[in-house]
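Have the sequence and the 3D view open as you read.

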Amino acid sequence: MARKLRTSALLIFVAAVVGAVIYSRIVAYSLAPTMKPADFQGLPLWEIPIAYVWDYLQHGIICLLFAFVAAGLFYEFLPREWVVKRMGSRKAMGYIIGASIAPLFTVCSCTMVPIFTGILYAGSGIGPAITFLLMAPAANVLTILLTGEIISWEIAGVRIVASIVTAVAAGLIVSSTSWGKKVENEHRVAVDKKASMQLLKPPLDERLWGSLKFGGYLAKQILPFFFAGLIAVSYLEAYLPEELVSGYLTGVGGVLLASVIGGPLYTPTLVEIVLGRGLMDLGMTKPVMLSWLMGQPYDIPNMMATSKIVRWKVVLTYALIAWVFSVVFGLTYGFLTGSL
Amino acid sequence: MKEVVVEVIGTEPPCVRCQSLWKVVEGAVSKLKSGRERVKVTKLNVSSKETVKRYGLVMSPAVSVNGTVRTMGRVPSEGEMLRILTEALGE
C-alpha cells in the first residue's frame, strides 16, 4: 500500500512538471530570459549578474526542472541490457544505436568515456564508438531541451539533424582510415561468452525515485558551473559592443569564426547555449549560432581524454570532420533560410 | 559452501556514484545475518581490457555477483543489494 502511494506521488510529481511546461506553452510564457543587452547597460556592476540570473530563473526554472527530470527518466527507463548488447555487436546496429540512443544517455561524463572504450574494445568498433562520443554531448536530452527553450526550437531541430549526420559521418570516415583500423585492431578484445547479465528490475516507485535522484545528481554536477556561466554571460551582455558581434559573428566569416572558437573552447555543459543566446541578443545570426553550438563535442579537454585511448591521429581526424560539418551545416542553413 | 564473489565495476578513479555503490555494497554485506565470511568484494575498472573481456560493454556503476551482472548504470538501494547477496548465498 505504501508502495502504491509512493508510486502515485512520484507520478503526480512528474505529471506536474510536464504540466507546468505545457501550461507555459499555452499561456505563451517564455521559458527563456527576456532582458536585452540594453537593459543591462545602465546597471551598476554588481547588479548585472543578479538581474540576469533572476531574469533567467523567473523564466527558465520550469525548463531546467523539466530538463533534469526528463534526463533522469530517460536514463532510468532506457532498456540498458538491450542497448548494451546491441552496441556491443554488429556494425550497422552500432551506428544506429550510437546515434539514436546516445542522446538519451545524458552527459554523465563519467559514464561516457567508459562506454566509449567499451564500444571500442568489445563492441562494434571504432566507428560507432566515435559516433557515440560525438552524439552524446551534442544532442542529449538536456542540451536539446535547453537549446529549444532558450534559443529556438528550429535551431534545436536543426542541431539534432546536424549532430546525427556529423556523428555518423565521423564514425564512418574514421573507421575507414588506416589509422582508425589500426587502433580498432589494437584494442579489440574477445568477450568471454560465459559472462552474463541478469539485471534486477526494481519496482516502479524505486525506479521513479531513482530517476529523480539521478536528475538531481546531474543538476548538482552541472548547475554550479551553469550559474557561473550565467554570471559571465551577464557581463558579456552588458559590455560586449554590438558592433563587434555583428561585425565578426555574422555572415560566412561569422560561421567560420564560430566553428573555430566554439570547438576547442571549453564551456561547461549547457553554458554554450546561454552564451550563444547572449551573443545572439548582441547580433549574432542563426547560422553562426548553429556553427557555434556544433563545436561542443570537440573541445580541448574532451579531445585530451580521448587521445589517451585512441591516439591523436584519430582525435584530430574526427575533430577536423566535426569542424568541416559545423561550417557546412552553418552555411547551408544560412543559405536555405537566408539568414546569413 | 561456495564463495560469493561480488565485483563492483566502476571508473578509475571512482566517480561519485561508483563510490556510493561501494558504500552500498559494504553496508549490505555488513547487514548480512549469516554467510558474511563467504562474501568476497572486489573492485573492477570498467574501462580495463580484463573487465571488458569478461563482461563486454557495461554501464558503470555496476555490480556483478559470481560472474553475472545484476545491476548496471545505477546505484541500487542497500535493501536490493542485500536481496541479491542473500539470493547468492542461498544457491
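In what sense do E1(B) and E3(B) pair, and over how many bridges? They pair in the antiparallel sense, over 4 bridges.

## Ground rules

This is a predicted model, in which local features need pLDDT of at least 70 and side-chain atom pairs count only at pLDDT 80 or more, while totals for chains, interfaces and linings use all residues. Residues are numbered from 1 along each chain as its sequence is written, chains are lettered from A and ligands numbered from 1 in the order in which they are written, and side-chain values use heavy atoms, with hydrogens and water left out.

## The sheet across two chains

The sheet is open and has 5 strands, in the order E1(A)-E4(B)-E3(B)-E1(B)-E2(B), with mixed pairing. Strand E1 (196-197) of chain A and strand E2 (39-45) of chain B stand at the edges, each with a single partner strand, so one side of each has no neighbour in the sheet. Strands here are DSSP runs of E with at least two residues, helices are runs of H or I with at least four, and both are numbered from the N terminus. Two strands count as paired if DSSP finds at least two bridges between them.

On the chain A side, E1(A) runs parallel to E4(B), joined by 2 bridges, and A:Ser196 sits opposite B:Thr68.

## Strands E3(B) and E4(B)

E3 (residues 62-65) and E4 (residues 68-72) of chain B pair in the antiparallel sense over 4 bridges. B:Ala62 faces B:Met72, and B:Ser64 faces B:Val69.

As for burial (under 20% relative accessible area with a 1.4 Å probe, protein chains only), 5 of the 5 residues of E4(B) are buried, so the strand is largely enclosed by the rest of the structure. In E3(B), B:Ala62 and B:Ser64 point one way and B:Val63 and B:Val65 the other, and all are buried.

## A patch on chain A

Over on chain A, A:Val18, A:Ile22, A:Tyr23, A:Ile26, A:Val27 and A:Tyr29 make a nonpolar surface patch of about 580 Å². Patch members have over 30% relative accessible area and no salt bridge, and nonpolar side chains (Val, Leu, Ile, Met, Phe, Trp, Tyr) are joined within 5 Å. A salt bridge puts a side-chain nitrogen of Lys or Arg within 4 Å of a carboxyl oxygen of Asp or Glu.

A:Ile26 belongs to helix H1 (residues 2-26) of chain A. A:Ile26 counts as exposed (over 50%) because its relative accessibility is 65%.

Note on methods:
Patch = residues over 30% accessible without salt bridge, like charges linked within 9 Å, V, L, I, M, F, W, Y side chains within 5 Å. Areas by Shrake-Rupley, 256 points an atom, 1.4 Å probe, with all protein chains shown as cover.
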